[in-house]
Amino acid sequence: MKLLSRINKLPLFPVQIYWKDWTGDLDGIAKLIKDDEKNNPGPNNDSGMKITQARSGSNAIHLSEEPLYKELFGFIQGCLDDIWRQEKFQCDGFKICSSWSNIYYPNTSLNYHQHPMSAFSGAFFVKGEAPLTFMDPVMPRRNPSLMPISPDNDIASFSLNSVPGRVVIFPHWLEHGVSNYSYDISPITSTPAEERISISFNSLPYGKINHRDGLNLSSAQINVLTSQEQNG
Ligand SMILES: [Fe+2]
């Protein structure tokens with residue numbers, strides 16, 4: 001019998017998503033965030049739904065600088081260091097420049113969005129199972145067209161399980177959101193209604209940027225500021 005040869009396929013322009021699991025005290029982090037919310041509630045999300053961003057001390061967007069979160073952010077910073085090393089980015093590393101906690105109550109969702117003023121952004125899942133959904137960044141592929149339907153190619157979005165303890169890091173331009181999971185009819189996203197807690201963050205490159213290209217492209221020396229330096 002003659003075997004049919006398969007046509008070769010090259011996955012061009014893939015998007016790299018990085019993830020790693022933390023084995024630290026997740027319950028302790030969940031409690032810290034809930035206590036922060038109780039003592040100093042932050043603003044509700046502008047989607048109009050009940051997602052709060054708890055403040056820690058006087059801090060809404062610099063959670064990484066809070067001593068009680070030091071161990072967790074040490075782990076996240078280590079992940080950014082791994083990406084920098086692995087991908088040989090021309091800078092001295094990536095530093096977390098903003099970070100905040102989110103509490104999603106049942107029947108809430110977060111619209112698709114990108115993260116401005118960031119290189120790599122990320123989410124750390126603390127509690128709850130509503131997935132994080134990424135949109136295909138290739139706009140024409142998102143909509144039905146004269147390109148016939150194909151099971152392997154019609155993936156307009158991809159939902160990643162929000163496994164507690166897992167950090168997911170992605171390029172800042174990749175659109176993502178959280179479904180209104182309690183009302184969702186999709187079996188992938190329908191989970192029992194319980195609060196979902198996560199931490200979000202942005203990072204920027206620091207040090208010498210693009211200094212070895214030999215092509216006369218722009219280069220820079222960048223210093224990422226702490227919250228105190230920012231406000232001083
Ligand atoms: Fe986000």
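The buried residues of H1 fall within an arc of 95° when seen down the helix axis, so they line one face. The model is predicted.

**Two faces of H1**
- Ile29, Leu32, Ile33 and Asp36 are the buried residues of H1.
- These buried residues pack against helix H2 (70–87) and against strands S3 (93–104), S5 (120–127) and S10 (196–209).
- Asp27, Lys31 and Lys38 are exposed on the face of H1 turned away from its buried side.

**Largest nonpolar core**
- The largest nonpolar core comprises 33 residues, and those with the most contacts inside it are Ile33, Ile76, Phe124, Val126, Val167, Val168 and Ile169.
- At least two residues of this core come from each of H1, H2, S3, S5, strand S8 (166–171) and S10.
- S3 gives the most to this core, with 6 residues.
- Leaving aside residues up to four places away in sequence, Val126 touches Leu26, Ile29, Ala30, Ile33, Pro164, Ile197, Ser198 and Ile199.
- In soluble globular proteins, nonpolar side chains tend to be buried together.

- Most residues other than glycine have a negative phi.
- Phe13, in the segment before strand S1 (18–21), has a positive phi of about 55° although it is not a glycine.
- Phe13 is exposed, with 6 other C-beta atoms within 10 Å.
- Asn210, in the loop between S10 and strand S11 (220–222), likewise has a positive phi, near 55°.
- Asn210 is partly exposed, with 14 other C-beta atoms within 10 Å.

Methods
Residues numbered from 1 in each chain as written. Predicted model: local features only at pLDDT ≥ 70, side-chain atom pairs only at ≥ 80, totals over all residues. Buried ≥ 20, exposed ≤ 12 C-beta atoms within 10 Å, placed from the backbone. Helix = DSSP H or I, 4+ residues; strand = E, 2+ residues; numbered from the N terminus. Arc of directions from axis to C-beta. Contact = placed C-beta atoms within 7 Å. Core = buried A, V, L, I, M, F, W, Y, C linked by C-beta atoms within 7 Å.
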